[in-house]
Amino acid sequence: MTFEELYTSMLRQNFGKGDIPPEANPEQLACLLHPERYAPVIKTESCETCEYDRACEKSCIFDAIVEEQGEIKIDPARCVGCSVCVESCKLGKLTASRDILPALRAVREKKGPAYALIAPAFLGQFSDKVTPGKLRSAFAALGFDGMVEVALFADILTFKEAIEFDRNVNRVEDYQLTSCCCPVWIAMIRKIYSELMPHMPAAVSPMIACGRVVKKLHPDAVTVFIGPCVAKKSEAREPDIADAIDYVLTFEEVRDVFQAAEIDPALLPDRKREHSSRAGRIYARTGGVSEAVSKTVAQMRPGRALQVRPRQADGVPACRAMVEEIRAGRGDANFFEGMGCRGGCVGGPKAILTCAEGRARVDAYGDAAETKTPLENPFVPELLERLGFQDVESFLEESDLFQRDFGVKK
């Protein structure tokens with residue numbers, strides 16, 4: 001029995017449609033029942049022999065794959081989940097871990113409310129007939145008490161990064177690295193190019209901000225983030241931010257759950273709610289963060305002498321090339337956006353749509369927003385006031401909700 005067959009069988013068994021097969025591989029079973037013990041990328045079969053000269057190991061820029069006694073091992077402490085190794089393994093023996101079984105159990109046995117936190121790249125991933133409101137109903141059918149669009153928290157982080165750009169970038173040679181979106185980009189800077197960390201604001205990602213806010217308002221809540229990214233599984237476990245997200249699922253995992261539970265979101269009621277602006281919604285594609293921050297700074301300070309001059313890179317090789325240019329002092333940008341996947345989050349390894357389709361859906365959803373920036377979005381000040389922030393100073397300096405400690409002196 002393959003890992004995928006075991007996964008499908010156990011998912012069906014979760015909904016009373018079968019039993020755990022007696023021939024299940026114990027190690028594969030442990031990966032499904034206790035994913036927190038493993039890296040976000042797991043090995044599903046023995047690979048003592050490899051005709052491709054350990055391409056997976058050579059592809060990992062984080063040195064998370066090592067060979068021991070003829071077998072490769074993936075170090076959970078070093079694996080970021082970028083999934084480059086999965087693409088490199090021509091034998092198909094590496095795959096993303098699956099958190100769905102313990103997540104479903106937590107939702108079923110919850111002591112408090114359970115919330116599905118949906119990433120900005122979600123529109124169209126489960127069919128073009130599935131609106132945000134229908135998806136909300138689908139999660140309710142699975143036992144969730146609510147669905148929260150993480151795009152609202154991308155709005156809040158856009159506001160934070162725009163203010164920090166306005167305060168800190170005042171000369172031609174100054175620049176800012178965006179820090180609030182892609183965990184692969186952040187890990188690359190922290191682990192490989194740490195000398196650039198002073199240029200990175202200490203902002204959490206929208207995922208972490210969303211989870212922390214939900215848990216502040218509902219301390220017993222179960223928070224389940226859902227998106228196209230495997231690296232978010234690793235981010236959610238980082239010690240300084242592990243208080244926010246209980247489980248990370250991919251779009252593919254959620255699609256599998258809908259199929260196993262025989263839930264068709266397209267047939268469910270449309271429970272429409274809107275809370276995010278265009279700025280937050282377009283975080284899901286390359287250039288989205290830059291555009292959001294640029295337009296917010298321009299709207300916030302129309303007469304500012306030094307406006308945002310952004311540059312983006314997507315995919316690990318392009319991100320590294322951009323960083324090398326920064327280190328060499330080349331280029332005239334002052335705001336650098338890195339995305340670990342080509343195309344941004346819509347090109348994530350567990351997106352269901354193609355990158356081009358996903359980007360088109362993201363842009364259309366952004367265009368449909370009632371507001372364009374967090375400065376126009378009435379839900380941003382409303383939520384910040386509910387959280388106890390009375391002014392910009394308290395928002396920037398006094399909250400642990402939206403900040404993290406990178407341990408860097410500026």
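Me: If contact means heavy atoms within 4.5 Å, what share of the contacts in the protein chain with a separation of 6 or more joins residues 24 or more positions apart?
Reply: Residues 24 or more positions apart account for 76% of those contacts. This is a predicted model, in which local features need pLDDT of at least 70 and side-chain atom pairs count only at pLDDT 80 or more, while totals for chains, interfaces and linings use all residues. Residues are numbered from 1 along each chain as its sequence is written, and side-chain values use heavy atoms, with hydrogens and water left out.

Me: OK, and how many helices and strands are there?
Reply: The protein chain has 17 helices and eleven strands, where helices (H or I, at least four residues) and strands (E, at least two) are DSSP runs numbered from the N terminus. Its C-alpha atoms fill a box of roughly 70 × 50 × 35 Å along the principal axes.

Me: How much of the chain is buried?
Reply: Of the 410 residues in the protein chain, 57% are buried, meaning under 20% relative accessible area with a 1.4 Å probe and protein chains only, against over 50% for exposed and in between for partly exposed.

Me: Which residues have the most contacts inside the largest nonpolar core?
Reply: They are Leu 117, Phe 153, Leu 177, Trp 185, Ile 245 and Phe 402, in a core of 91 residues. Helix H7 (residues 151-168) gives the largest share of this core, with nine residues. A nonpolar core is a set of buried Ala, Val, Leu, Ile, Met, Phe, Trp, Tyr and Cys residues joined through side-chain atoms within 4.5 Å.

Me: Take Leu 117, then: what does it touch?
Reply: Leaving aside residues up to four places away in sequence, Leu 117 touches Val 148, Val 150, Cys 210, Gly 211, Val 214, Thr 223, Val 224, Phe 225, Ile 226 and Ile 245. Another core lies apart from the largest one, and its 47 residues include Cys 31, Met 147, Phe 251 and Ala 260.

Me: Changing topic, where is Pro 201?
Reply: Pro 201 sits in the loop that runs between helix H8 (183-191) and helix H9 (206-217).

Me: Is Pro 201 buried or exposed, going by its relative accessible area?
Reply: Pro 201 counts as buried, because its relative accessible area is 5%.

Me: And what separates its C-alpha atom from that of Gln 403?
Reply: The C-alpha atoms of Pro 201 and Gln 403 are separated by 8.6 Å, although the two residues are 202 residues apart along the chain.

Definitions and conventions: Contact means heavy atoms within 4.5 Å.
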